[in-house]
Each structure stands twice: as C-alpha cells, then as structure tokens.
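Dear colleague,

Please find the structure below, handed over for your records. I would be grateful if you would read the notes that follow alongside it.

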Amino acid sequence: MNKTILTGLRVNSELTLGNYLGALLPMVRLANKHSKDYTVNIFVPDLHSIISDIDGSLQENVKRSLKYYLAAGLTLNDHIHLYRQSHVPAHAELTWVLNCIAHMGEMSRMIQYKEKSEGKDSANVGIFDYPVLMAADILLYGANYVPVGEDQFQHLELTRNLAIRFNNRFGETFIVPEDTKTQVEFMGVAGGIRIRDLVNPEKKMSKSTAGDNCKIMLSDDPAKAAKKIMSATTDSFEDIQFDLTARPGISNLLQIEALINDRPLDEVVAEWQGKSRYGDLKKQVAASVEKLLTDFQSNLAKIDDSGLDALLQKGEAYANDLANAKLAEVYAKVGLR
Ligand code: ATP
Ligand code: MG
C-alpha cells in the first residue's frame with residue numbers, strides 16, 4: 001500500500017502572499033512531486049474553522065480554499081483526494097473516542113491552547129479539544145506524513161501518543177505518523193519559511209495586520225502588488241546581502257524571488273549579493289509577484305463550481321469508505337460493536 005500524505009489548510013478568509021509561499025505552494029509542490037507514489041489527502045478542516053468564528057460565510061470560504069489549490073497548480077490524478085472534513089462524519093466520531101483516552105494534563109500543556117485561551121473564561125472548549133480532532137483527521141487515514149508548521153509540532157506529538165496509547169490498550173489499530181524530525185526532512189524547506197511584513201520586516205507578514213502596504217493579498221491587483229514590493233522597507237547598507245536578522249527586508253525579497261520561481265535560495269542570493277542597486281532587485285521581485293498574481297487569478301477564474309463539486313463528490317466517497325472502515329474497527333475494539 002502506498003504511504004499517505006495528509007494536509008489541511010484552514011481558510012477563514014483571504015490569503016496573503018506569506019500564506020501562499022509558506023503553506024499553500026509547498027503543499028502543492030509536495031503533492032505534485034509525490035502523488036505518483038503516495039496517496040495524497042487534501043482536506044478542508046471546516047470543523048476546525050468554527051473554533052474561532054462562526055459567521056455563516058464558511059461555505060464560500062471552503063470552496064474558495066479548494067480552488068486555491070487548483071489555481072496554485074495542483075495536478076490532479078487518482079492518488080489525490082479532496083474532501084471537506086464535515087462531510088466525513090467519522091472525524092467527529094473518532095474524536096469522541098480519542099477524547100476518552102486523552103488526558104486532561106497533556107491537553108492542558110498544549111501551547112496553542114494556552115496562548116489562545118489565556119485569561120479568557122469564555123474561551124470555547126473547541127480551542128481546548130481541537131488537537132484531538134486533528135489526531136482523528138490523521139489517524140483515520142493512517143497518514144504517515146503530515147506537513148505542518150512548527151506551531152503544530154506539539155499536536156503531531158499528541159497524535160502519535162494517542163495512537164500508541166490506543167494500540168497498546170486495544171491492539172494494533174492505528175498507523176503512528178512519522179515524528180516531527182522525519183516530517184521536516186520529508187518536507188524539505190517547507191517547514192521554515194517566514195515571509196516578512198513589507199513595511200516592518202522584523203515581523204512576519206500576517207493577514208490580520210492592518211496596514212495595506214504591509215502585506216500582499218492573493219486578490220490584490222497585480223500592478224498594485226508590484227508597487228508594494230517597490231516601496232518595501234529594505235536597509236541603508238551599501239550592498240545586497242542575505243541576513244534575515246540584520247537585513248530582514250532585502251533578505252525577504254530574495255526569499256520571495258527564490259520561492260516564486262522555484263529556485264534554490266543560494267542561487268538567487270549568489271546572483272544578487274554584493275550588488276549595490278537595490279532598485280534592480282526590487283524591479284525583478286515586483287515583476288515575479290505581478291506575474292504570480294496574474295497567473296493565479298486567471299487560473300482561479302477558470303475553475304467553475306460544478307467541476308469542483310464533482311471532485312468533492314468523488315473525494316468524499318473515497319474518504320468516507322476509508323474513514324468508516326477505520327471507525328468500525330475502533331468501535332469494535334472499544335466494545336461499541
Ligand atoms: P493571522 O494573522 O490571522 O494569524 P496568518 O497570515 O498568520 O493569519 P494563519 O491562518 O495563521 O495565517 O496561517 C495559515 C498558514 O500560513 C499556516 O500554515 C502558517 O504557517 C502559514 N503562514 C502564515 N504566515 C506566514 C508567513 N508570513 N510566511 C510563511 N508562512 C506563513
Ligand atoms: Mg497566524
């Protein structure tokens with residue numbers, strides 16, 4: 001049986017160039033690279049989405065996020081499965097069983113939970129429990145590789161612990177996903193990318209940052225986005241050097257240029273370092289960004305809802321078959337069947 005790569009990108013709103021280069025594109029490239037020899041599950045974690053805000057506009061965002069993968073160049077084949085988490089009820093059902101073997105102590109130690117709930121009496125239980133839902137997302141499909149950012153490493157460890165605990169108690173049931181070190185090796189560079197804020201490059205680019213010039217949204221007018229690059233903060237040294245600490249602005253541009261064109265960073269740095277004309281580099285990066293957005297937006301406009309619905313129907317039938325079989329095994333082992 002092929003090994004499984006599983007990924008879900010939460011999309012509650014528009015994405016930035018940072019989300020695109022740091023999360024979406026690495027996933028698409030990983031899927032395209034491995035989908036001949038691996039099973040690739042790409043799902044929309046819509047149950048996770050309602051943890052932060054329930055505002056009724058989710059449907060549109062869910063569809064849009066799936067279209068983003070396609071517009072970013074995901075090449076579909078029979079090994080790639082697209083589905084929505086809420087359309088595969090076994091995710092929620094397995095979560096309940098795993099809740100009953102997870103410990104309050106280990107859950108309370110989750111950094112994301114601590115950060116998001118600190119001092120808030122009204123923090124919802126979903127914020128506390130979503131790492132278990134994430135474990136269910138992974139374990140239902142026997143996923144080996146789950147490319148996630150550093151902020152999710154602890155949740156991946158929890159997933160491994162829950163799988164091992166269940167297996168020890170009830171017999172071999174779950175495939176234990178690879179540890180984080182192996183995940184990072186598998187992902188390559190994808191784990192460590194941090195695109196910076198264009199105005200305050202010591203910070204990362206975030207969609208929740210207020211200033212329009214700080215960030216590039218995927219829906220930005222491409223020419224306008226190019227102007228944002230041209231006016232990005234750099235430094236007043238004499239020549240171009242890559243140094244994310246001392247010169248985050250110019251280094252950010254070098255990184256953007258490398259990622260968009262799928263070139264090794266070293267190669268792009270070697271091409272530019274020591275040169276004094278910052279403007280030339282900006283012009284090139286601006287052109288790369290402008291082309292990226294133009295292509296992405298034209299791809300996006302071509303994807304129609306009916307094509308997407310057909311993909312989801314197929315993907316969700318596949319996911320339900322697999323997930324229900326695993327859930328039945330779990331229910332039998334714990335004595336519910
Ligand atoms: P928010 O400001 O609401 O936190 P965000 O832009 O940080 O939004 P998230 O929804 O937190 O986006 O993250 C979505 C994905 O994008 C995650 O995988 C995250 O690691 C990645 N990501 C976010 N910002 C960047 C960035 N500046 N560079 C690279 N990857 C990023
Ligand atoms: Mg964030």
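Predicted model: local features only at pLDDT ≥ 70, side-chain atom pairs only at ≥ 80, totals over all residues.

Helix packing. Helix H3, which spans residues 58–71, packs against helix H14, residues 305–334. Their axes lie 11 Å apart and meet at an angle of about 90 degrees. Because angles of 65 to 115 degrees count as roughly perpendicular, H3 and H14 are described as roughly perpendicular to each other. On the H3 side, the contact is formed by Lys63, Leu66, Lys67 and Leu70; H14 contributes Asp305, Leu308, Asp309, Leu311 and Leu312. Sorted by class, the residues of this contact comprise five nonpolar and four charged, with no polar ones.

Thr39. This residue belongs to strand E2, which covers residues 38–44. Which residues is Thr39 in contact with, leaving aside its neighbours within four places in sequence? They are Asn2, Lys3, Thr4 and Ile5, together with His79, His81 and Tyr318.

Cysteines. A search of the whole structure found zero disulfides. Cys100 has a relative accessible area of 52%; exposed means over 50%, so Cys100 falls in that class. Cys214, by contrast, is buried, with a relative accessibility of 8%.

With kind regards

Conventions
Residues numbered from 1 in each chain as written. Chains lettered and ligands numbered in written order. Heavy atoms only, no water. Disulfide = S-S within 2.5 Å. Buried < 20%, exposed > 50% of the residue type's maximum accessible area, 1.4 Å probe, protein only. Helix = DSSP H or I, 4+ residues; strand = E, 2+ residues; numbered from the N terminus. Contact = heavy atoms within 4.5 Å. Axes fitted to C-alpha atoms, helices over the stretch in contact; angles between N-to-C directions. Parallel < 35°, antiparallel > 145°, perpendicular 65-115°, else oblique. Nonpolar A, V, L, I, M, F, W, Y, C, P; charged D, E, K, R; others polar.
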